[in-house]
Protein chains: 2
Amino acid sequence: MIKSFDELAWIDYLKSKVKTDKSVLTGIGDDCAVVSIGKEKFLLKSDMFIEGVHFELKKTTFLNIGKRAVARVLSDFAACAGLPIYIGASVAGPCRQDCKYLKEILAGMLFMAKKYKFSFIGGDTARAKKFFIDIWGMAKTEKPVLRSGAKTGDLIFITGRLGKRDFHRSFEPRIKEARFLTRNFKINSMIDISDGLIIDLYRLAKASRKGALVLLDKVPVTKSPADLYRGEDYELIFTVDKREKRLQKLKELFYPIGEITAKNRGYKAKTYKSLSKIKVKGYRHF
Amino acid sequence: MIKSFDELAWIDYLKSKVKTDKSVLTGIGDDCAVVSIGKEKFLLKSDMFIEGVHFELKKTTFLNIGKRAVARVLSDFAACAGLPIYIGASVAGPCRQDCKYLKEILAGMLFMAKKYKFSFIGGDTARAKKFFIDIWGMAKTEKPVLRSGAKTGDLIFITGRLGKRDFHRSFEPRIKEARFLTRNFKINSMIDISDGLIIDLYRLAKASRKGALVLLDKVPVTKSPADLYRGEDYELIFTVDKREKRLQKLKELFYPIGEITAKNRGYKAKTYKSLSKIKVKGYRHF
């Protein structure tokens, strides 16, 4: 999302303007659109991956650009509890060396197609000065989960340790974990960590019109507290009712890191020693 | 498609690399992907609309950018004989004036949603120096038609007059016409005129591994022969077997403009006076 305007106001604006067919169960403004076709539910979604915004050519390879571009959408689908089935890509870029890079980007995408068992179904290519990739696609879902469903008193979990930098490079969106969670528990809300735990939990709380209390000492970070602010961990944040019967099981498998609070309680961080307001770094505009 | 490399070789390359699920009836490399869900068939498609490549900010309005970006995909769906149901958009651009332009682009897209009765289901936004729009979506289809199905001896038709410049501005992709055609006739191949009759008919012939003979005197142009090379007419080119029983009806409603020939006959133009090879202007690289 664009960072210099009010994201929630924009979403409210969108929702007020857009009228959709009754087959659209969840439309514009949420993480994924949810549609019903026949007796099944599907998610639809797109996500951009832009040179100079999301990646720098000098710091990566075309193969990894293809993998990461797709991993981002898969992670979004995971957060909505979807299993990707069809993925397409629009790729624009400068046509250096006979557009050889296209084959490498494609190879990265097809690596992901094989690993995550979706069909890569095409898209569009064009010439542009900078690389611009848009990945779009469709996922099956049994019980879609959105970021906006958190309830006051929900426990907040994350699916894995933050800051595993080598791990990042293996691009493993939490599709299986999301499926396990939604099949076995009542998950009230979920979001993937695309820009960092702190900002993405903030987004979840905001979208749910709630506050949140993060128990900083409980967050499993690998290296330093900076991991709290780092993106592309591909872990999921999810919330469940604290009266959930098999809470113990969840606590064994995942990391409880806090609690959803009433909106007027704000967004706070607690350590064994202190309680403080969280400053959502770099995202003060919305 | 990128113009400086061999488009057909790229498509062959893609087809050799990509393996898809059996629900994918037509995959990468064709105009639209065709998938079966339950008992129905759907088309999936994306199309980019880039500042400096497809449009210039000085020559248009944000409202029209929204309309045209969507019209291009609707025209693609029409060419595959699809009825659009869900459309999404990824929009990147510089955030001038509080991103006010986003509302105008959205208004253009929603104008099209109302007119063509699809649900606008969301997408992604990001900041970039130039405007970059990717429209993606899903259409229903009864009998998908591709550009690659032309047969030697097929008659070539176009759905309307070329070069109606005022008409262009009303952005009317030929969705109804395509539906009428595929419901009432056996259409062997179809393509929309996105870059001009000459280049797009060439693409249809090439994709079908055929030649074509265009009867230039029969092509209904509004102003001048330059209309043959002009894009965004949103008319369709289609081919039917010349033994089609109700050929007369087709000739009354649409314009017969030539014939599909064997590949070794090449791509030729005929007038009452002459027969010549067609030079596919500006697209000599593939």
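Which residue, with a positive phi, follows helix 6 of chain B? In this predicted model, that residue is B:Arg209, whose phi is near 55 degrees. Chain B and chain A are superposed by a rotation of 180 degrees with 0.0 Å of shift along its axis, at an RMSD of 0.0 Å, and that is the relation of a two-fold axis.

**The interface between chain B and chain A**

- In the contact between the two chains, 55 residues of chain B touch 55 residues of chain A, and the area buried between them is about 4,600 Å², with carbon and sulfur atoms giving 69% of that area.
- On the side of chain B that touches chain A, at least two residues each are supplied by several elements of chain B, including helix 1 (7-17), strand 2 (33-37), strand 3 (40-50), helix 3 (100-116) and strand 6 (132-141).
- Strand 5 of chain B gives the most to that side, with 9 residues, and the residues of the side of chain B that touches chain A divide into 33 nonpolar, 12 polar and 10 charged.
- Because 100% of the interface residues of chain B are also interface residues in chain A, the copies meet through the same surface.

- Side chains of opposite charge can pair when their charged atoms come close.
- Over all chains, a search of the whole structure finds 26 salt bridges.
- One of the pairs in chain A is formed by the side chains of A:Lys140 and A:Glu40, which meet in a salt bridge at 3.4 Å, N to O; because A:Lys140 lies in strand 6 (residues 132-141) and A:Glu40 in strand 3 (residues 40-50) of chain A, the pair ties together parts that are 100 residues apart in sequence.
- Where the exposure of this pair is concerned, A:Lys140 is partly exposed, with a relative accessible area of 37%, and A:Glu40 counts as partly exposed at 34% relative accessibility.
- A salt bridge also joins A:Lys45 to A:Asp76, the closest N and O atoms being 4.0 Å apart; this pair links distant parts of the chain, with A:Lys45 in strand 3 and A:Asp76 in helix 2 (residues 62-79) of chain A, 31 residues apart, and both A:Lys45 and A:Asp76 are buried.
- The side chains of A:Arg174 and A:Glu235 meet in a salt bridge at 3.0 Å, N to O, which links the loop between helix 4 (165-168) and helix 5 (175-184) of chain A, where A:Arg174 lies, with the loop between strand 9 (211-215) and strand 10, where A:Glu235 lies, 61 residues apart.
- A:Arg174 and A:Glu235 are buried.
- A network of salt bridges links A:Glu142, A:Arg179 and A:Arg183.

- B:Thr182 lies in helix 5 (residues 175-184) of chain B and is buried, with a relative accessible area of 9%.
- The side chain of B:Thr182 reaches the backbone oxygen of B:Ala178 at 2.9 Å, and, leaving aside neighbours within four places in sequence, B:Thr182 is in contact with B:Ala81, B:Lys143, B:Val145, B:Ile187 and B:Met190.
- B:Ala81, in the loop between helix 2 (62-79) and strand 4 (82-93) of chain B, has a phi near 65 degrees, a positive value in a residue other than glycine, and is buried, with a relative accessible area of 8%.
- Helix 6 (residues 197-207) of chain B is mostly covered, with 10 of its 11 residues buried, among them B:Asp200, B:Tyr202 and B:Arg203.

**Two loop residues of chain A**

- A:Lys117, placed in the loop between helix 3 (100-116) and strand 5 (119-127) of chain A, has a positive phi near 55 degrees although A:Lys117 is a residue other than glycine, and counts as exposed at 71% relative accessibility.
- A:Glu244 is found in the loop between strand 10 (236-240) and helix 7 (247-253) of chain A and is buried, with a relative accessible area of 17%.
- Leaving aside neighbours within four places in sequence, A:Glu244 is in contact with A:Phe185, A:Lys186 and A:Leu250, while the C-alpha atoms of A:Glu244 and A:Leu155, 89 residues apart along the chain, are separated by 9.6 Å.

Methods: Residues numbered from 1 in each chain as written. Chains lettered and ligands numbered in written order. Predicted model: local features only at pLDDT ≥ 70, side-chain atom pairs only at ≥ 80, totals over all residues. Heavy atoms only, no water. Helix = DSSP H or I, 4+ residues; strand = E, 2+ residues; numbered from the N terminus. Buried < 20%, exposed > 50% of the residue type's maximum accessible area, 1.4 Å probe, protein only. Polar contact = N/O pair within 3.5 Å; in protein donor to acceptor, adjacent residues only side chain to side chain. Contact = heavy atoms within 4.5 Å. Buried area = accessible area lost by both parts, 1.4 Å probe. Nonpolar A, V, L, I, M, F, W, Y, C, P; charged D, E, K, R; others polar. Least-squares fit on C-alpha atoms with pLDDT ≥ 70 in both.
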